[in-house]
Amino acid sequence: MNRPERTTSPAMPPAPVDPELDRRFMAAALALGRRNNGVAWPNPSVGAILVRFEADGPVVVGRGTTAPGGRPHAEVVALRQAGPRAQGATAYVTLEPCSHHGRTPPCSEALIRAGVARVVTGIEDPDPRVAGRGHELLRRAGIAVRCGVCEAEAAFDLAGHVCRVRHQRPRVMLKLALSADHCIGRDGEGQIAISGPQSRAYAHALRAENDAILVGVGTVLADDPELTCRLPGLMERSPVRVVLDSAARTPLSSKVVRTAETVPTWLFVAPEADEPALQALDAAGVTVAFAERDRSGGLDMDDVLFQLAQRGITRLMVEGGSTVARRLIEADLVDEVHLVFGNLVIGEGGVPALAGLPVDSLVHSPIFRVHARRMLGGDTLIHLVRREDT
């Protein structure tokens, strides 16, 4: 393979190696990368910033975020913005630049051709097609490389991509709105208002940041949810809707089916599901996928998550119901939890949040650590994330 020709850099002061400046610019690149979480799949949403260190100080000449649908990559967006000013610049990229030929040439080659002097990255890409090769290609071209700046933050932001590569499944985030007595509703009453408006806005923002949102058919039958993001300015960022429905009981009149032509809806069913029902759902615009059953008779969650990863999903939000939540927790398939506690006491007839599994056992589980605890209006949010060593 021919090595890309490097553009000669113009005369300018050499890029300084300043750990604090590196940290600040990487933090800015990470903020850029978060912008397209939920829409960049099947690729991770990466941030890139190009900085020229000139005599009177650093100047940002290009910024980029992975575009919706995964192309173009952040580095290419930033390089196009910078134009000739990329020569001699330092590139801050949250993930190691790719080194393999896919639908577009490698970003590492684009950086070399642009004549950048230095590349600073957050984490190495675990994708075996890259996995250090991007860094090595840059070094061979004479570009200084530093990896691991804001490493913990980058690993957290890109955890969906890492999980998909390493475990062949999306990163699973469980979100639950709970009453003061740890219920998610009352038998036979469908949706009830457990949390306040700030908590509901928070939930919709989480939807916009995830590639897909998953519920069981029981939630569809009981609540008829739309499962879209309805925040002003973010309504076009609704995630793919995934329903676990082994017997294909999802009604054609449900909101997820009636809007399937505009917001993608994927239904996972068992192999023996009713064929006429499947044909009707397909005609309504629903994508039907088959999953094996597990020993308990439900759909095999490992199979479902594997298929979602194969379809490009990197970040999955699970929002209902209690049985699905418990099965994922007991199978050790949950990576992140958002628990929103309201003040309402449901009492008799309440539906336990985790189908009998104590909520406190999740909050105090050795698998998770408390990442944040704060108020959302009158509600309390507890945000748990999987410990790095589990």
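1. A word on burial to start: a residue is called buried under 20% relative accessible area, exposed over 50%, and partly exposed in between, with a 1.4 Å probe and protein chains only. By that rule Asp127 is buried, at 9% relative accessibility. Its side chain forms a salt bridge with Arg129, the closest N and O atoms being 2.7 Å apart; a salt bridge here is a side-chain nitrogen of Lys or Arg within 4 Å of a carboxyl oxygen of Asp or Glu.

2. Some ground rules before going on. This is a predicted model, in which local features need pLDDT of at least 70 and side-chain atom pairs count only at pLDDT 80 or more, while totals for chains, interfaces and linings use all residues. Residues are numbered from 1 along each chain as its sequence is written, and side-chain values use heavy atoms, with hydrogens and water left out.

3. Nine strands form an open sheet in the order β11-β10-β9-β8-β12-β6-β13-β16-β15, with mixed pairing. The edge positions belong to β11 (287-290) and β15 (368-376); each has a single partner strand, so one side of each is left without a neighbour in the sheet. From one strand to the next the twist averages 20 degrees. For reference, strands (E, at least two residues) and helices (H or I, at least four) are DSSP runs numbered from the N terminus, and two strands pair if DSSP finds at least two bridges between them.

4. Strand β9 (residues 240-244) runs parallel to strand β10 (residues 265-269) over four bridges, and Leu244 has Phe268 of β10 as its bridge partner. Strand β13 (residues 336-341), by contrast, pairs with β16 in the antiparallel sense over six bridges, with Val340 bridging to Leu381.

5. Please take a look at β16 (379-386). Seven of its eight residues are buried, so the strand is largely enclosed by the rest of the structure. It also pairs with β15, antiparallel and over eight bridges; there, Arg373 has Ile382 of β16 as its bridge partner. The hairpin of β15 and β16 has two residues between the strands, and Gly377 takes a positive phi near 65 degrees in it.

6. On charges, the structure holds 19 salt bridges. One of them joins Arg140 to Glu136, with the closest N and O atoms 3.2 Å apart. These two residues are four apart in helix α4 (residues 133-140), which means that about one helical turn separates them. Arg140 is exposed, at 55% relative accessibility, whereas Glu136 is partly exposed, at 34%.

7. Another salt bridge deserves a visit: Lys175 with Glu319, the closest N and O atoms being 3.8 Å apart. It links distant parts of the chain, since Lys175 sits in strand β6 (residues 171-178) and Glu319 in strand β12 (residues 315-320), 144 residues apart. Lys175 and Glu319 are both buried.

8. Which elements each supply at least two residues to the lining of the second largest pocket? They are α5 (151-157), α6 (159-167), β15 and β16, and α6 gives the most, with five residues. This pocket holds about 730 Å³ of space and is lined by 23 residues, with Ala155, Ala159, Val162, Arg171 and Glu388 nearest its centre. On a 1 Å grid over the protein atoms alone, a pocket is an open set of points with protein on both sides within 12 Å along at least five of seven lines, a cavity is a set where a 1.4 Å probe fits but cannot get out, and lining residues have an atom within 4 Å of a point. Grid points are joined across faces, edges and corners, and a volume is the space filled by probe spheres set on the points.

9. The largest has a volume of about 90 Å³, and of its 16 lining residues the closest to the centre are Asn37, Pro44, Ser45, Thr314 and Arg315. The second largest cavity has a volume of about 40 Å³, with a lining that includes Asn37 and Ser45.

How values were computed:
Axes are lines fitted to C-alpha atoms, for helices over the stretch in contact, and angles run from 0 to 180 degrees between N-to-C directions.
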